[in-house]
Amino acid sequence: MSKKTLVIGGGIAGITAAQKIAQNGGEVILIEKEDALGGNFAKLTYTFPVLGDAKSLVSQEVQKVQAAPSIEVLTNTTLTACQGSVGSFSVELKTMNETRQETVGAIIVAAGFHYMEPTAYTEYSYGRSPKVVTSLEFEKMAAENRLPQGNVRVVFVHCVGSRDKAKGYVYCSKICCSYSAKHAIMLKKANPESKAYVFYIDIRALGKGYEEFIRSAMEEYNVRYIRGRVAKVLESEGKLLVRAEDSLMGNPVEVEADLVVLASAMEPPVGSRELANILGIATDEYGFFQDVESNVRPCHSSKPGIFLAGSCTQPMEIASAVAMGGLSASEALAVTR
Ligand SMILES: Cc1cc2nc3c(=O)[nH]c(=O)nc-3n(C[C@H](O)[C@H](O)[C@H](O)COP(=O)(O)OP(=O)(O)OC[C@H]3O[C@@H](n4cnc5c(N)ncnc54)[C@H](O)[C@@H]3O)c2cc1C
Ligand code: SF4
């Protein structure tokens, strides 16, 4: 039996799992397909619900992993083959041009999520107008101090690609109500002269302080929430025109805007079905990794010894990804001792 655990994915879920295993005397190989750890967390500026400094939070966690002698970090690395069973999996890892064989007792899949490019939503002018961006692009603009200045209007559009059977996914992406409120607050803090509008279907904010956080966007920062699905975003003479139906008032509504921010769907990580095939585990109908029992064993994949952590199972916020990272670590320790 091998005492090592292979962790696939160096986002906050994988980093947490690796740390917890190491803190409890286990050994870890942590592989990350990109050239740095941190995942999507590292692309954020602030975090809801308390506007934490994302860059500093994530770099502290990355440093702990890099400093731990019992964690081997391999960036630019993917899993190319896996055989065996719980206690003794033979895995093949591809790093740049080299391949390497290892034996591990457990595997944790923490491959995260992909952020949907809303190219199918031509009615929102995404890809046609540089003034229509995704929420992830808004994070980049904020990090680079490029948020619009002066007397500008910014419109935030909820549920782009989520809760949309026709062109997107049926599921709710769970966290975009909260991060759109965060973005509206970030805008108002960076530019108190600006006006922020949020178009929503209904507000979903489950988590301690989340409801209060969104309420503070409305009440303290005067962000205007309009209930209604946006039908069209038109660009004319350098301005955007957002057309929607106010479903509370029953009126059509138009807002002129300088920037439109689309809260796009969180979708399964790229290549999730191929990775699941290599591991011999199940995915759900969308391509997220499937747990065997979501109530009491949310970390168990369909194969003993292979565990799941974070947003590769469903859309989730950082706190849940951290919780799942810790739980998957304890499951991996239980089979590698
Ligand atoms: C616009 C936006 C704003 C957000 N704001 C907040 C916020 O304010 N507060 C909050 O709590 N949450 C926020 N989130 C959510 C947050 O980003 C996620 O909860 C968090 O990143 C999930 O971590 P994770 O480790 O599960 O996945 P990820 O961060 O996606 O990390 C997964 C890692 O696995 C790697 N990987 C993937 N496939 C493989 C493979 N085959 N082999 C090796 N490595 C692989 C990836 O490269 C990546 O580094 C936001 C998300 C978005 C899109
Ligand atoms: S979290 Fe909010 S914005 Fe995101 S899909 Fe669900 S309801 Fe829509």
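Reply: Let us begin with Lys182, which has its place in helix H4. Please bear in mind that the model is a predicted one.

Me: Why is Lys182 called buried?

Reply: A residue counts as buried if its relative accessible area is under 20%. The value for Lys182 is 2%, so Lys182 is buried.

Me: What makes the pair formed by the side chain of Lys182 and the backbone oxygen of Tyr46 a polar contact?

Reply: The backbone oxygen of Tyr46 is 2.7 Å from a polar atom of the Lys182 side chain. The limit for such a contact is 3.5 Å, and the distance is therefore within it.

Me: Which residues come nearest to ligand 1?

Reply: There are 35 residues around ligand 1, and the nearest are Glu32, Asn40, Lys182, Ser311 and Met316. By class, this shell has 18 nonpolar, 11 polar and 6 charged residues.

Me: How do you know that Ser311 makes a polar contact with ligand 1?

Reply: A polar atom in the side chain of Ser311 is 2.8 Å from an oxygen atom of ligand 1. Because the cut-off is 3.5 Å, this pair qualifies. Backbone atoms take part too: a polar one of Phe48 lies 2.8 Å from an oxygen atom of ligand 1, and a polar one of Lys33 lies 3.1 Å from a nitrogen atom of the ligand. Taken alone, ligand 1 exposes 1,000 Å², of which the protein buries 95%.

Me: Why is ligand 1 said to lie between domain 1 and domain 2?

Reply: Both domain 1 (4-113 + 268-336) and domain 2 (115-266) give residues to the shell around ligand 1, so the ligand lies between them. Among the elements, helices H1, H3 and H4 and strand E3 each supply at least two residues of this shell. The largest share, 3 residues, comes from H3.

Me: Let us turn to the aromatic rings. What makes the pair of Tyr169 and Tyr171 stacked?

Reply: The whole structure holds 8 aromatic pairs. In the pair of Tyr169 and Tyr171, the centres are 5.0 Å apart and the planes are at 20°. Centres must lie within 6.5 Å to pair, and planes under 30 degrees apart count as stacked; the pair is therefore stacked.

Me: Do Tyr169 and Tyr171 count as buried or exposed?

Reply: Tyr169 has 19% relative accessibility and Tyr171 has 13%. The cut-off for buried is under 20%, so Tyr169 counts as buried, and so does Tyr171.

Technical notes:
Residues numbered from 1 in each chain as written. Chains lettered and ligands numbered in written order. Predicted model: local features only at pLDDT ≥ 70, side-chain atom pairs only at ≥ 80, totals over all residues. Heavy atoms only, no water. Near = heavy atom within 4 Å. Polar contact = N/O pair within 3.5 Å; in protein donor to acceptor, adjacent residues only side chain to side chain. Areas by Shrake-Rupley, 256 points an atom, 1.4 Å probe, with all protein chains shown as cover. Helix = DSSP H or I, 4+ residues; strand = E, 2+ residues; numbered from the N terminus. Nonpolar A, V, L, I, M, F, W, Y, C, P; charged D, E, K, R; others polar. Domains from an automatic or database assignment. Phe/Tyr/Trp six-rings, centres within 6.5 Å; stacked < 30°, edge-to-face > 60°. Buried < 20%, exposed > 50% of the residue type's maximum accessible area, 1.4 Å probe, protein only.
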